[in-house]
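Q: I am new to this structure. Please take a close look at one part of it, the salt bridges and what surrounds them, and walk me through it step by step.

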Amino acid sequence: MIEDIELETLINEIYEYYGFDFGSYSRASLKRRVNRVFYLDGFKHFHEFLSKVRRDPEYCKRMIDEITVNVTEMFRDPSFYMTLRKEILPLLGTKPFIRIWHAGCSTGEEVYSMAIMLKEAGLLHKSILYATDINTTVLETAKSGIFPLRMIKDYADNYRDSGGQEDFSDYYIANYGFAKFNENLSEKMVFSQHNLVSDTSFNEFDLILCRNVLIYFDNNLQKRVINLFDDSLAPLGFLALGTKETIKYSISQTKYKQFDKEKIWRKIK
């Protein structure tokens, strides 16, 4: 078990050697993830682990990938997607062009979910989906649009529960235990590395989704990220967060109105 003081040493060394700043991550969550890597990779002593991180950039990159990967699924929380489908997309559909940002997109399942809903609403042709993550390994998976076939039944159930009425299997081709999603979905996606801790706004968006990422950050970083989203959101744009996340303590409440019971806010000023 890594001690708290050892975790602080690791955070400082990663920043000094490689420039990745984990200083504002929630300590409990970070410690849990680092301990998992420590044990899986067979280390007995912290000084051996730290030495490996310092000396071996490839190992450090893999470790950072391991501790920044977020679990996700298609149409996760179907009631959230039902609200998007029924209430948010019709409002976005009045715009001549729709820009959407999936921040912390992980392996991309939620980006493909959004593309499917836009296609069904007749809006995909005038939309662009920017999908970003700090973790380049998960971005490669997201770009490929290839997911394990064993997950597809759950995804199809979520799709139906979110109001989907088409045949879900029309959206992918199954082969060798994997499902590859159609390129007419991915051609509207732009994937790139972006670090919410240190990078700035790069466009103006009509909808920003960052679900179940802020829970890994401390309060100050959460505020910084919410302000980044505020800077990146068009007037009357929408911000969607995870079920345990809020903008309540981060930004002037007069600027945003909570939309429906889901974690979706609309920028009104």
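This is a predicted model: local features need pLDDT of at least 70, side-chain atom pairs count only at pLDDT 80 or more; totals for chains, interfaces and linings use all residues.

A: Start with one pair. Arginine 36 and glutamate 66 meet through their side chains in a salt bridge, 3.1 Å from N to O.

How open are the two partners? Arginine 36 has 46% relative accessibility, so it counts as partly exposed. Glutamate 66 has a relative accessible area of 32% and is also partly exposed. Partly exposed covers the range between the buried limit of 20% and the exposed limit of 50%.

A search of the whole structure finds 16 salt bridges. Another of them joins glutamate 13 to arginine 54, with the closest N and O atoms 2.5 Å apart. Glutamate 13 belongs to helix α1 and arginine 54 to helix α3, so this pair ties together parts that are 41 residues apart in sequence. Here the partners fall into separate classes. Glutamate 13 counts as buried because its relative accessibility is 13%, under the 20% limit. Arginine 54, at 34%, counts as partly exposed.

Now look at the helix that carries glutamate 13. Helix α1 covers residues 4-18. Its 15 residues, at 1.5 Å a residue, should span 21 Å, and the C-alpha atoms at its ends are 21 Å apart, so the two values agree. Buried residues in α1 are Leu7, Leu10, Ile11, Glu13 and Ile14. Their cover includes α2 (27-40), α3 (46-55) and α4 (57-68). After α1 comes glycine 19, with a positive phi near 85 degrees.

A third pair lies further along the chain. The side chains of arginine 85 and glutamate 120 form a salt bridge of 2.8 Å, N to O. Arginine 85 is in helix α5 and glutamate 120 in helix α6, so the pair ties together parts 35 residues apart in sequence. Arginine 85 is buried, with a relative accessible area of 15%. Glutamate 120 is partly exposed, at 28%. Salt bridges with shared partners also join Asp77, Glu110 and Arg211 into one network.

Stay with arginine 85. Its helix, α5, runs over residues 78-92. Beyond its neighbours within four places in sequence, arginine 85 is in contact with Phe75, Pro90, Met117, Glu120, Tyr159, Ser162, Gly163 and Gly164.

Helix α6 (residues 109-120) also holds glutamate 109. Glutamate 109 is buried, with a relative accessible area of 6%. Leaving out residues up to four places away in sequence, glutamate 109 touches Thr72, Glu73, Met74, Phe147 and Tyr155. Threonine 72 is 37 residues away in sequence, yet the two C-alpha atoms are 6.7 Å apart.

Next, a polar contact. The side chains of aspartate 206 and lysine 95 are joined by one of 3.3 Å. Aspartate 206 is in strand β7 (residues 205-210). Aspartate 206 is buried, with a relative accessible area of 8%. With residues up to four places away in sequence set aside, the residues it touches include Leu92, Lys95, Phe97, Leu233 and Phe238.

Finally, step back to the domains. The domain assignment gives domain 1 (4-67) and domain 2 (78-267). Their contact takes ten residues from domain 1 and eleven residues from domain 2. The centres of the two domains, taken over C-alpha atoms, are 29 Å apart. Together the domains bury about 950 Å² between them, 50% of it on carbon and sulfur atoms. On the domain 1 side, Ser24, Tyr25 and Asp65 lose the most area to domain 2, together 49% of what that side buries.

Leucine 221, in helix α10 (residues 219-232), is buried, with a relative accessible area of 3%. Not counting residues up to four places away in sequence, leucine 221 touches Ser24, Leu196 and Val197. Leucine 221 and serine 24 are 197 residues apart in sequence, but 5.8 Å apart in space, C-alpha to C-alpha.

Key
Residues are numbered from 1 along each chain as its sequence is written. Side-chain values use heavy atoms; hydrogens and water are left out. Helices (H or I, at least four residues) and strands (E, at least two) are DSSP runs, numbered from the N terminus. The expected span of a helix is 1.5 Å times one less than its number of residues. Buried means under 20% relative accessible area, exposed over 50%, partly exposed in between (1.4 Å probe, protein chains only). Contact means heavy atoms within 4.5 Å. Domain bounds come from an automatic or database domain assignment. Buried area is the accessible area (1.4 Å probe) that two parts lose on being put together, summed over both. A polar contact is a pair of N or O atoms within 3.5 Å; within protein, one must be able to donate a hydrogen and the other to accept it, and residues adjacent in sequence count only if both atoms are side-chain atoms. A salt bridge is a side-chain nitrogen of Lys or Arg within 4 Å of a carboxyl oxygen of Asp or Glu.
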